[in-house]
Amino acid sequence: MTSVMHGDKYGNELKTIPLSRDTVSRRISEMSRNMESEVIKRIQNPSVFALQLDETTDITKMSQLIVYVRFLFNEDITETFLCCKSLEGKTTGEKIFEVMNEYFEAKSLTWANCVALCTDGATASTGSKA
C-alpha cells in the first residue's frame, strides 16, 4: 500500500523494519513502560492526585484492578491510565489496598499526595459484606 501511495522507495524502506511477533511485543512493552514512567514522574512531584479504581473480571475469570489517575499538569487537569493489577484470591477492600500499597511502594509514591479515591461502590471496593 505504501508503494502504491508513496512510491517504491518508501515501500522498500518499510520492508527493512523488523515486524516479527517478538519485536512487536517487545516494542509494545517498552512503550508501555515508558508511558508509565512518565505518568509516575508527573505524580511523584509535590502535587496532589486522585485515583479512580475499578475491579473487573477478565475472560479467564481472573479479577483485575484497573486504576486511573487525575493530576494537574501544565495547568490542566489530566486523567490517564495508571496501571492494571491482577487480584488473586478473594477481592476484598483490604486486598485492593494491599495491591495498591505495594504498587505505591514500588513506584515511590506517597499516599499523602492522594487527595481523593473513587470506586464504583462495589462490595469488593468498599469492604461491605454481602
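Begin with Leu-53, whose bridge partner in β2 is Val-67. Note at the outset that the model displayed is a predicted one.

Next, select β1 and β2 together. These two strands pair in the antiparallel sense over nine bridges. They form a hairpin with five residues between them, and Lys-61 in that turn has a positive phi of about 65°.

Two facing pairs may be picked out here: Ile-66 stands opposite Cys-84 in β3, and Leu-72 stands opposite Ile-77 in β3. In the hairpin of β2 and β3, two residues lie between the strands, and Asn-74 takes a positive phi near 55°. When side chains are displayed along these strands, a general rule is of use: in a regular strand they alternate between the two faces of the sheet.

Now move to helix α3, residues 21–44. Why does a span of 34 Å agree with its length? The helix has 24 residues, and at 1.5 Å a residue these should span 34 Å, so the 34 Å between its end C-alpha atoms agrees with expectation.

Within α3, select Thr-23, Val-39, Ile-40 and Ile-43, which are buried. What covers the buried residues of α3? The covering elements include β1 (49–57), β2 (63–73), β3 (76–87) and α4 (93–106).

Note on methods. Residues are numbered from 1 along each chain as its sequence is written. This is a predicted model: local features need pLDDT of at least 70, side-chain atom pairs count only at pLDDT 80 or more; totals for chains, interfaces and linings use all residues. Side-chain values use heavy atoms; hydrogens and water are left out. Helices (H or I, at least four residues) and strands (E, at least two) are DSSP runs, numbered from the N terminus. The expected span of a helix is 1.5 Å times one less than its number of residues. Buried means under 20% relative accessible area, exposed over 50%, partly exposed in between (1.4 Å probe, protein chains only). Contact means heavy atoms within 4.5 Å. Two strands pair if DSSP finds at least two bridges between them.
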